[in-house]
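Work through the exercises below with the sequence and the 3D structure at hand. Try each task before reading its solution.

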Amino acid sequence: MLLALAAIVTQHNRVSHTMMLKSTFTPLFSIFPAKPRTPKLFHYRTITNTFTPNPPSVRQNASSNTLTIPPPQLPPTSAYIHLPFCRKRCHYCDFPIVALGSSSNQTNDEDPRILNYVQLLCREINATKLESNTNPPLKTVFFGGGTPSLVPPRLVSSVLEVLRLKFRLSSNTEISMEMDPGTFDSKKLKELIGLGVNRVSLGVQAFQQDLLKACGRAHGLEEVYEAIEIVGSCGVENWSMDLISSLPNQTPEMWEESLRLTIEAQPTHVSVYDLQVEQGTKFGILYTPGEFPLPSETQSADFYKMASRMLSDAGYNHYEISSYCKSGFECKHNLTYWKNKPFYGFGLGSASYVGGLRFSRPRKIKEYMGYVENLENGLVDCRGNDPIDAKDMAMDVVMLSLRTARGLDLKSFREVYGGSLVFSLFKAYKPYVESGHVVCLDEHGTAVSADELNTVLLDVDKIRRRLAYIRLSDPDGFLLSNELISLAFGVIAP
């Protein structure tokens, strides 16, 4: 039986419980929905709206702490902004959204649903307490949704202005916006560029009309090509294209075509997500993972390998499990997540990671309105009195680092969590180094062979001098990432 990552995460955060690990797992990349927000890897506590007693948090349920708690985090320099509006809900989507109707291609400034929400969002930003008197300016802002490109530029401008006044923006802040085909024209995109938007994430998902229709996407193939043309004509250099694999009735030939046409469009970044069937969605009602018309696990793995091969051959760096880019075009905002750095989240259902704690906002508009009102009145406790558990933090670092091509920085990890834990991780991963799923690197990025690793592990000083990083191989190690990361959980919190 496959173990869903949600179960692993629950055990990860409630480490006093027995860790039950299975021998087979769904690929870790598959736990990300088609359009990722903050990593769906953690148990985020929901913010309480008043100072009533908080429910026990993951920190309070953690086992006794035997690791050193890292030094306090610096204030966040990234902000995620949730704009929940869509023309309609896609069949795979379980995000908090507001469906405007299929005809809402170009919304006007006076749509009360959008206007009222943006005003509420700005109130939340204004009411947020700064972490210190010397907060650094924001280096990344990411407008996600939903379909942010449905929001009129005038209202996007009002959000950016509140962010500037509250947090300041650096001179070269990466400002990303998710945009769907059919929801913007050249005029709107040029207005957004004028406001400072300098990175576009285009939600294409597939290059087959039948697949787009089967997914419940509001756009068609003609609009995909129009959107690509608009992005190019407006001179947007830093842009990404999203694709989804393992869709119902998707064939290898279809997937190869989508990858080929993506490469021909020449985006500087490509995100590839394996479909995750979520409970409560239309797909969750219609389909069972691994059963026809969804592909088998083997077929899904083949899709992943094809993407890795084709995109790498086309000059894209596979820098994170689901992410590829031309040199220098990594998504700086998403790197905040993978590097386990703090970030703000604002808007319906969004999550923050501040002061070592993760917390999320209500997913329903009425509850979110109450949250903002209470925040303004000083009645929201975003932190509570929960102790920060070093084991949780160590597992976060390992889990996120192993999603990246760079891997886990052993020197930094050792300085915070100790050499004995690093040694234990190497012992656990030794068989996977021999099988080629895990790669050990020295400070020059040269792979250390399995035979040499056996010798190095006999001498603690050699481990410190010889081994600098540990990473998963591409693509085989990434495909086994759930098991390998769960193995690390068992070492950190046995």
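**Exercise 1. State what share of the protein's residues count as buried, and how many helices and strands there are.**

Solution. Of the 494 residues of the protein, 58% count as buried; buried means under 20% relative accessible area, with a 1.4 Å probe and protein chains only. The protein has 18 helices and 18 strands. Helices (H or I, at least four residues) and strands (E, at least two) are DSSP runs, numbered from the N terminus.

The model is predicted: local features need pLDDT of at least 70, side-chain atom pairs count only at pLDDT 80 or more, and totals for chains, interfaces and linings use all residues. Residues are numbered from 1 along each chain as its sequence is written, and side-chain values use heavy atoms, with hydrogens and water left out.

**Exercise 2. Describe how helix 2 and helix 3 are arranged.**

Solution. Step one: locate helix 2 at residues 112–127 and helix 3 at residues 153–167. Step two: their axes come within 10 Å and cross at roughly 5°. Axes are lines fitted to C-alpha atoms over the stretch in contact, and angles run from 0 to 180 degrees between N-to-C directions. Step three: because of this angle, helix 2 is roughly parallel to helix 3 (angles under 35 degrees count as roughly parallel).
Step four: list the contacts (heavy atoms within 4.5 Å). Residues of helix 2 including Ile114, Leu115 and Val118 meet residues of helix 3, among them Leu155, Val159 and Val162.

**Exercise 3. Is Thr262 buried or exposed, and which residues does Thr262 touch?**

Solution. Step one: Thr262 lies in helix 7. Step two: its relative accessibility is 0%, so Thr262 counts as buried. Step three: leaving out residues up to four places away in sequence, Thr262 touches Phe207, Met241, Leu243, Pro267 and Val270.

Conventions: Parallel < 35°, antiparallel > 145°, perpendicular 65-115°, else oblique. Buried < 20%, exposed > 50% of the residue type's maximum accessible area, 1.4 Å probe, protein only.
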